[in-house]
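Subject: The structure, and some notes on it

Hello,

Here is the structure I promised to send over. Please have a look at it first, and then read on for what I found.

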Amino acid sequence: MAYDPDVIRGYFDRYGEREWERLGRRADDAVSLHVHSHYLRRFLEPGMHVLDAGAGPGRFTIEAARLGARVTALDLSERMLEQHRRHVAAAGLEAAVVERVLGDITDLGRFDDASFDAVVCYGGPLSYVMERADDALDELLRVSRRGAPLLLSVMSTFGSLRAYLRPILDTAAHTVAGVLETGLLTQAFQSNDHVLKMYRWEELEALLSRHACTLDLATACSFLTTGRPESVAELAPDDATWRSILDWELRCCRERGALDAGTHTLVVVRKEG
């Protein structure tokens, strides 16, 4: 499978407002949002100029802006950028947006080298660029300043199997076996254009090792709560218990043995040289 930006753009144009709703729809999705946002709070500082690469409808731009960062938002889908404008404005944070750019993470040529104090590439943009992942990572590092944090997440092969085992059981066994072997979610596996590359930890680690960056942190995302939306939903209204769940999630996800078991794998690297 080769990366086709038109296919990915078309998918997200059609997906529309559901992309904003996705992380607020279910309790286990809210856990994913919490884990991703936790590391923004840890690594972003007031005054930073941040590139939100694959910004979508603005969930993480809003979080970065609340932390006092200035944000340049880039996305492949014009419809996503329209939603981004609407949601950021509704949050009262439009002043934090430097610009919105329709673009592709495999070619950030409109930005100079070392343009940003931090880069965020959350939600799996690297998973969508397939065989161009090295090109994309080169570009994300190129536009980062030396020592700047690059926060990125990819979809996890085995964690996704845990999360979606019930519907997967209705799929032909040989097709599932192919996905587990390659991590490639193809149109043969589903009825839409949501094609992407899921990663095992060793694959992501190998990708990072080919580039001039130092690994600061690696964690799973949605490990403890994956595949248990009903159980989590029952507990979420209890504030004390909900806070405990979030603390346990962060703790469990950092264990090396959990890196392949969440829906996403999240890393923070710093540019060398």
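Helix 4 (residues 59–66) is largely enclosed by the rest of the structure, because six of its eight residues are buried. "Buried" here stands for under 20% relative accessible area, "exposed" for over 50% and "partly exposed" for what lies in between, using a 1.4 Å probe and protein chains only. The buried residues are Phe60, Thr61, Ile62, Glu63, Ala64 and Ala65. Just after helix 4 comes Gly68, with a positive phi of about 95°. Helices (H or I, at least four residues) and strands (E, at least two) are DSSP runs, and they are numbered from the N terminus.

A word on the source before going further: this is a predicted model, in which local features need pLDDT of at least 70 and side-chain atom pairs count only at pLDDT 80 or more, while totals for chains, interfaces and linings use all residues. Residues are numbered from 1 along each chain as its sequence is written, and side-chain values use heavy atoms, with hydrogens and water left out.

Now to the partners of helix 4. Two packed helices are described by the angle between their axes and the distance between the axes. The axes are lines fitted to C-alpha atoms, for helices over the stretch in contact, and the angles run from 0 to 180 degrees between N-to-C directions. Helix 3 packs against helix 4 at an angle of about 35°, and their axes are 10 Å apart. By contact I mean heavy atoms within 4.5 Å. These residues divide into three nonpolar, two polar and three charged. For that count, Ala, Val, Leu, Ile, Met, Phe, Trp, Tyr, Cys and Pro are nonpolar, Asp, Glu, Lys and Arg are charged, and the others, Gly among them, are polar.

Two residues are worth a look around here. His36 sits in helix 3 and counts as buried because its relative accessibility is 3%. Not counting residues up to four places away in sequence, His36 touches Phe60, Tyr122, Gly123, Ser153, Cys221, His264 and Leu266. Leu23, in helix 2 (residues 18–25), is buried too, at a relative accessible area of 8%. With neighbours within four places in sequence left aside, Leu23 is in contact with Asp29, Ala30, Ser32, Leu33, Arg59 and Phe60. Leu23 and Arg59 are 36 residues apart along the chain, and their C-alpha atoms are separated by 8.6 Å.

Helix 3 (residues 27–43) also packs with helix 13 (residues 239–253), at an angle of about 60° and with the axes 10 Å apart. The two are therefore oblique to each other; angles under 35 degrees count as roughly parallel, over 145 as roughly antiparallel, 65 to 115 as roughly perpendicular and the rest as oblique. The crossing of helix 3 and helix 13 is right-handed. On the helix 3 side the contact is made by Ala27, Ala30, Val31, His34, Val35, His38 and Tyr39, and on the helix 13 side by Trp242, Leu246, Glu249 and Leu250. This contact divides into eight nonpolar residues, two polar and one charged.

On to the charged pairs. How many salt bridges does the structure hold? There are 16 salt bridges, each one a side-chain nitrogen of Lys or Arg within 4 Å of a carboxyl oxygen of Asp or Glu. One of them joins the side chains of Glu94 and Arg100, at 2.7 Å from N to O. Glu94 is partly exposed at 30% relative accessibility, whereas Arg100 is buried at 17%. Glu99 forms another with Arg110, with the closest N and O atoms 3.2 Å apart. That pair links distant parts of the chain, 11 residues apart: Glu99 is in strand 3 (residues 97–102), and Arg110 is in the loop between strand 3 and strand 4 (118–121). Glu99 is partly exposed at 28%, and Arg110 is exposed at 55%. Glu203 and Arg200 are bridged as well, at 3.8 Å between the closest N and O atoms. Salt bridges with shared partners join Lys197, Arg200, Glu202 and Glu203 into one network.

Best wishes

How values were computed:
Left-handed = near helix turned anticlockwise from the far one by under 90°.
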